[in-house]
Amino acid sequence: MDYIKKNYIKLIELVLALVIAIGSFTAFAACPVSEEHVMACHYAQLAVTLFGTVLSIQALASLIIRNDKVRLGITISQIPLVIALFFVPGTVFSLCMMSSMRCISIFKPAVRVFSGLAFIVSVADVVISIIKKENGELQSEHKETAA
């Protein structure tokens with residue numbers, strides 16, 4: 001239980017990454033692929049699934065690895081990945097023309113919301129890690145001067 005309390009932000013990052021990875025081809029998938037035609041949004045869905053998988057692996061590694069500097073590095077590397085993920089549907093990959101299509105009405109907003117949440121959590125994790133590091137160094141310096 002103590003491990004969960006110490007790493008709750010890392011767990012939130014992992015859950016968001018898994019939601020992005022799994023949800024991109026289940027709950028908020030883009031338009032379905034027909035036998036005759038593959039829509040452009042299908043490739044956006046594949047890219048989002050890939051980004052979500054990479055984010056999941058990074059978040060899991062961040063939970064497993066004990067070195068604080070490496071964990072901070074992994075979290076910092078997640079930030080540009082999440083920013084790129086935000087722009088995948090509709091900017092990097094074009095979506096369907098009609099606004100009633102599933103890729104525009106469900107897929108794009110869901111990816112933007114979850115990538116935005118992942119960005120906020122990752123930035124918060126970096127800030128909290130830096131603050132904890134500074135407080136830890138200040139406390140150790142304070143102990144050395146007191147002794």
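Pro80 is partly exposed, with a relative accessible area of 48%; partly exposed lies between buried, under 20% relative accessible area, and exposed, over 50% (1.4 Å probe, protein chains only). The model is predicted, with local features requiring pLDDT of at least 70 and side-chain atom pairs counted only at pLDDT 80 or more, while totals for chains, interfaces and linings use all residues. Residues are numbered from 1 along each chain as its sequence is written, and side-chain values use heavy atoms, without hydrogens and water.

Pro80 sits in helix 4. Helices (H or I, at least four residues) are DSSP runs, numbered from the N terminus. Pro80 and Phe119 are separated by 39 residues in sequence. Their C-alpha atoms lie 8.7 Å apart.

The largest nonpolar core holds 25 residues. Such a core is a set of buried Ala, Val, Leu, Ile, Met, Phe, Trp, Tyr and Cys residues joined through side-chain atoms within 4.5 Å. Cys41, Val48, Leu85, Cys103 and Phe107 touch the most other members. At least two residues of this core come from each of helix 2 (8-23), helix 3 (40-64), helix 4 (68-86) and helix 5 (102-146).

Cys41 belongs to helix 3. Its relative accessibility is 0%, so Cys41 counts as buried. Beyond neighbours within four places in sequence, Cys41 is in contact (heavy atoms within 4.5 Å) with Ala30, Cys31, Ser94, Leu95, Cys96 and Cys103. Cys41 and Ile22 are 19 residues apart in sequence and 17 Å apart in space, C-alpha to C-alpha.
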